[in-house]
Amino acid sequence: MNTVVRILRMAARYRFRLGLGVVCTVIAANFQLLIPQFLGAAVDHAQSLLAGTGASPAEAQAALQWAAVMLLTAGVLRGLFTMIHNYQGEAIGQSIGYELRLAYFEKLQRMSFAYHDRVHSGDLMTRGMLDVEGIRRFVDGAMLRTIVLVILVGYGGYHLIGIDPVLGALALSFVPVVAWRAAVSSITLRRTWRALQERMSILTRIMEENLGGIRVVRAFAARAFEMAKFDTASDSAIVLAMRRIQIRYTNAAFMTFSYYAAMGLVLWVGSHKIIEGAITVGTLAEFLAFMAILQQPVRQVGMIVNSTARAFVSGGRVFELLDMDPAVQDKPGAAPLRLTDGVIRFEHVDFAYGEGEGASPALHDVNFEVGPGKSLGIVGPPGSGKSTIAHLIPRFYDPTLGRITIDGQDIRDVTLDSLREAVGVVQQDTFLFTATVDSNVAYGDLSADRERIVNATDSAQLHEYIDSLPTGYDTLVGERGLTLSGGQRQRLSIARSILLTPAIIVFDDSTASIDAATEQRIHAALKELTRARATIIISHRLSSFMHADEILFIDQGRIVERGSHEELLALGGRYKELYDLQADFGDDLGLAASAAAPEGA
Amino acid sequence: MAMMPQSLAVPGKPPGGRPGGPDGGLNDEMDERIFGAAFDGRIVQRFLKFLTPYRARLAVAFCAVVAFTLTQLSIPLVIREAIDQALVTDTQDGALLDLIALAFLGVIVLNLIAMYIQETIVGKTAERILFDVRRTMYVHLQRLSMSFMDKTEVGRLMARLQSDVGALQEFLDTTVTAIGDILLLAGIVTVLILLNWQLGLLTLSVVLVLLIVRMIWLPLAKKAFMRARQTSSIVNGALAENINGVRTVQEMIRERVNFERFEIKAADNLRSHLRAAKFSQVMIPIVDTLTGAAMAIVVVVGGNMVIGGSLDVGVMVAFIFYVQRFFDPIRSLTIQYSVMQRAMASGQRIFEVIDVPVDIVDKPGALALDQIDGAIELRGVTFGYLPGQPVLNDINFRVAPGETVALVGPTGSGKTSITALIHRFYDVWEGSILVGGHDVRDVTQHSLGKQVGMVLQDPFLFTGTIFENIKYCSAEATRDDVVAAAKAVDAHGFITRLPKGYDTMLEQRGGNLSLGQRQLLSFARAIVADTKVLLLDEATASIDSHTERQIQLALKSLLAGRTALVIAHRLATVRGADRIIVLNQGRIVETGSHRELMAKRGLYHRLYAMNYASFDDIPEEIIRQAAADTSAT
């Protein structure tokens with residue numbers, strides 16, 4: 001229930017619109033309720049003359065004309081006020097949609113990597129699009145419509161009971177039945193909606209993976225297998241979709257029937273009353289006209305219930321994210337980082353992905369320090385925790401134990417923005433936005449002019465390629481644009497980071513797809529930049545950091561060897577083993593050694 | 001600098017041209033084109049084809065709709081009977097009234113049954129059709145050639161499979177009521193004219209006014225609705241991009257800028273929707289005024305007719321009833337306008353996908369490959385992706401059963417095209433390709449796939465357990481087979497070290513594994529599939545030497561006993577092959593064993609001597625130079 005209450009509270013904040021909407025609803029409903037009265041009066045006038053009682057033909061005609069004018073007036077006013085309240089309803093709905101969309105966007109951007117690792121991007125998309133839309137529709141559809149319904153039934157019922165208590169009660173006899181069915185079906189529908197949503201997202205994932213991995217599917221001639229997978233998921237969703245429809249329309253039919261049954265009772269009892277002379281034909285006509293007004297709203301009860309059930313589920317999914325605290329955020333009163341020398345220190349750092357039982361330890365007791373102008377190389381087998389180190393520095397995750405400092409300040413005590421400004425992590429895989437090359441390179445600094453951009457791409461050995469494109473830096477890249485190769489993307493990633501001239505630079509395996517020669521040219525070009533900065537290079541290619549001041553060999557989250565290249569070779573341990581392997585397998589290092597005898601090995 | 005430049009094409013563009021041709025992929029223009037029509041006969045017609053399997057059911061539903069409408073129409077008539085019976089003072093008959101009440105009960109029971117049948121059948125069929133449409137698209141995508149899939153972004157296809165099918169759902173949901181509304185409208189018109197044609201026509205004259213008003217309103221409203229839809233797609237696009245690039249956004253501290261930009265788009269979206277709302281709401285007072293006018297006509301004209309004795313009071317009451325009901329369907333049809341419009345655009349996009357021709361199909365009577373020796377032969381193969389630009393020229397070679405042949409050459413030399421052709425992802429322009437002595441075009445694609453395995457550069461993993469990923473589509477493989485395969489590629493060790501071993505769930509695309517580990521799993525998958533022929537595209541990204549060695553060993557056990565064509569990037573792999581084919585610019589330059597080629601001192605020798613980790617790394621100008629030097633000597 002909380003979810004719907006919360007949505008209603010959000011709507012309540014649009015006090016003026018809501019107030020205006022409710023007032024107009026009441027007025028419109030009143031005018032609408034006047035219509036049966038005028039109709040009833042008109043019928044009575046016409047009939048009274050026929051019955052030979054009452055007024056003269058001229059008087060009756062005047063009365064009829066009066067009723068007609070009133071009917072027209074009531075129609076016009078009812079329409080105008082309905083328009084206003086509908087518009088206010090939609091405006092509130094759209095505004096809430098807007099608010100939620102912004103809040104969602106904002107929260108999403110702040111959620112830490114741990115959250116994004118866990119939640120499928122397709123799921124986030126569904127929440128941001130469909131679920132926000134579900135809430136909006138509830139506000140502008142169900143919420144105000146419920147008010148209209150309550151006013152029509154309440155006020156109209158009060159009026160009718162005033163005229164004839166028995167007939168009035170009969171006219172309203174369908175209300176409890178409708179309310180009961182609505183309550184029951186709303187609960188079952190809510191459950192079905194939720195389950196259906198889950199099955200649909202499985203179906204989505206299956207389709208997405210199939211299309212993304214279409215080459216694998218084709219390579220294994222797995223079409224039949226994949227179709228079976230799709231059909232299983234699709235069929236299980238269909239079952240629920242069918243159930244939803246069954247519930248919805250069974251109830252709709254039942255509600256409509258109870259409404260008509262009430263109308264039949266009014267007609268039956270009412271006409272007997274006419275015979276008894278207890279009421280006039282006009283009164284009966286008024287009762288029936290009133291019930292005709294209720295026909296449409298009764299039909300809408302099903303829709304209201306359906307959309308409330310949906311809002312319940314959608315709201316839950318959206319609010320779940322909105323209520324979450326990012327695992328990593330500024331401490332209250334966090335101050336900006338005061339950069340003096342740019343010394344980064346890891347002190348007894350432990351880290352595990354996930355929490356509780358499912359946690360998988362990634363780092364244990366990692367200690368090191370890199371000062372300005374110094375460089376640190378990190379190497380180790382896959383999954384040893386190298387990249388984790390890179391992710392801890394800009395606080396994409398927080399260590400479970402120990403601390404990381406920059407110039408003596410614990411990075412958890414400073415503002416995230418100032419920290420991330422000071423640290424540049426060049427990732428192995430970077431994201432290209434649908435925009436020009438130019439704005440992709442200047443992604444972190446909008447004020448960068450072309451000269452600075454070219455400097456950065458030039459250092460990253462990408463300028464020549466961009467320049468060779470027909471539209472140069474204005475070429476569109478990203479999903480709808482030019483496709484860059486893995487190596488080119490990595491070079492763009494490097495250009496993006498060095499444009500920002502961070503105090504501490506971390507290369508997180510960011511040259512894996514770049515050939516060794518180009519990498520050497522990049523490092524040479526960056527000499528100037530890295531002269532006074534701390535540099536951390538994570539790579540599996542030893543030539544990337546052979547000349548680093550210190551090299552760490554990491555295995556299973558622990559530093560197993562440390563020292564300079566020469567020291568580590570002399571040590572004759574894991575590093576040496578790796579060095580020999582690289583030579584053996586014809587990596588650039590090894591080849592450099594065996595260049596004299598190319599036919600060797 | 002805009003993050004999502006929406007290249008929204010001119011709305012007036014004719015929708016007839018089919019940009020999704022065999023080689024076109026689905027491009028921007030097509031995706032973003034906005035269709036204004038709320039009703040497109042061709043789309044509706046094609047859509048109707050999806051109804052064919054449900055003919056019988058829909059016929060029942062149609063009868064129910066008619067019955068439903070008739071009962072709806074007869075309710076005021078029964079009321080009229082009741083009033084006229086009760087009115088005529090000299091024949092006031094309580095028993096007759098009871099009979100009429102009973103008739104009323106009969107009518108509403110019929111109404112209940114008809115409504116139930118109609119709504120559940122139509123609702124369920126509509127839902128089924130949605131799934132059918134989605135499935136049809138999906139099946140079609142499974143059959144389309146790789147040249148189409150290569151050019152089309154997965155995201156864009158997903159949008160069609162989801163949002164467009166979703167838009168149809170909304171449409172079908174409202175259609176259920178719309179059909180009933182239209183029938184009711186027709187019924188009311190008929191009854192009104194039958195009851196009293198003068199009063200009927202007079203009352204209906206207000207509809208004429210409504211039609212004129214709509215004609216003025218429509219073009220203006222259409223524009224507003226279109227704009228609202230455009231802004232929605234812009235907002236959703238921006239959201240999608242930020243979700244996918246969220247890590248980069250955080251690294252670059254772009255949160256604030258992106259938020260501001262998003263805010264502008266969202267505000268624009270809000271404004272355009274409010275404007276559209278104004279347009280749809282403005283119709284309400286108009287319809288209500290006309291309802292009032294119609295009732296006024298009934299009251300004045302009908303009332304006078306009653307006074308004059310030419311009309312029963314009951315008929316007048318019935319008229320009042322009908323007039324009130326009459327405008328309800330008109331009102332809801334007005335609201336449905338934008339839903340219809342959206343559905344037409346979505347329908348167009350859906351059929352665009354379904355219409356892309358399947359250009360690689362099994363020949364009639366194609367052979368199912370069964371026991372073959374695994375030889376591969378290319379005879380005079382010429383092929384390209386774009387007309388007039390061949391990427392392979394007259395390629396001839398044979399791989400003997402059990403032989404391992406390495407394809408080497410710089411990027412763009414045609415290596416990948418050769419492997420794709422053998423698997424018949426594409427068809428050759430000239431020449432032929434034989435697997436086990438059969439032309440690949442003469443055998444079924446399915447049986448070819450069962451004989452020719454493929455390991456891709458990028459090891460794609462599916463959501464599921466490690467076990468499921470290794471087993472993949474080999475239905476008959478047991479757990480022992482999977483474990484044996486994992487052991488053969490030395491992946492068993494790391495798998496059993498995982499918390500749940502083979503039952504460990506892989507995160508999105510195997511994100512919880514390293515690249516090397518994913519590679520080993522894809523090898524294991526190929527071993528389980530156990531094909532005679534294996535096409536292998538070695539990964540280019542360098543991996544650490546430990547894994548490298550592991551992979552080299554795994555490769556040995558993978559290739560043992562199979563005919564293999566390897567696109568080799570690692571020199572170790574190249575050296576291990578039985579034979580090496582050196583390609584350059586779509587032609588075979590040299591063939592021979594490592595030793596022979598080194599002795600020959602041709603292009604291979606030159607490239608090898610340059611000490612690059614892989615031939616792919618060698619900058620283009622150096623290759624050009626080397627090739628020129630070689631041909632010169």
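A nonpolar patch here is a group of nonpolar side chains joined within 5 Å, each residue having over 30% relative accessible area and no salt bridge. Keep in mind that this is a predicted model.

**Stop 1: a patch on chain B**

Select B:L99, B:L102, B:L105, B:V109 and B:I113. Together they make a nonpolar patch on the surface, with about 460 Å² of accessible area. Now pick out B:L105. This residue sits in helix α4 of chain B, which covers residues 94-143. Its relative accessible area is 43%, so B:L105 counts as partly exposed.

**Stop 2: aromatic rings**

The count over all chains is 23 aromatic pairs.

Next, move to chain A. Select A:F113, A:F351, A:Y353, A:F396 and A:Y397, which form one aromatic cluster.

**Stop 3: an arginine and two rings**

Select A:R181 with A:W180. The arginine lies over the face of A:W180, 4.7 Å from the ring centre.

**Stop 4: salt bridges**

Side chains of opposite charge can pair when their charged atoms come close. Over all chains, 39 salt bridges are found.

Start with A:R78 and B:D288. Their side chains form a salt bridge at 3.6 Å, N to O. A:R78 is in helix α3 of chain A and B:D288 is in helix α9 of chain B, so this pair joins two chains. A:R78 is buried, at 14%. B:D288 is buried as well, at 2%.

Then select A:E226 and A:K229, a salt bridge at 3.2 Å, N to O. Both lie in helix α9 of chain A, 3 residues apart, about one turn of the helix. A:E226 is buried at 0%, while A:K229 is partly exposed at 24%.

Now try A:R412 and A:D410, another salt bridge at 3.2 Å, N to O. A:R412 is partly exposed at 22%, and A:D410 is buried at 11%. Finish this stop with A:R101, A:E133, A:R136 and A:D140, joined into one network by salt bridges that share partners.

**Stop 5: cysteines**

Then select B:C473, which is buried at 11%.

Note on methods: Residues numbered from 1 in each chain as written. Chains lettered and ligands numbered in written order. Predicted model: local features only at pLDDT ≥ 70, side-chain atom pairs only at ≥ 80, totals over all residues. Heavy atoms only, no water. Patch = residues over 30% accessible without salt bridge, like charges linked within 9 Å, V, L, I, M, F, W, Y side chains within 5 Å. Areas by Shrake-Rupley, 256 points an atom, 1.4 Å probe, with all protein chains shown as cover. Salt bridge = Lys/Arg side-chain N within 4 Å of Asp/Glu carboxyl O. Helix = DSSP H or I, 4+ residues; strand = E, 2+ residues; numbered from the N terminus. Buried < 20%, exposed > 50% of the residue type's maximum accessible area, 1.4 Å probe, protein only. Phe/Tyr/Trp six-rings, centres within 6.5 Å; stacked < 30°, edge-to-face > 60°. Lys NZ or Arg CZ within 6 Å of the ring centre and 35° of its normal.
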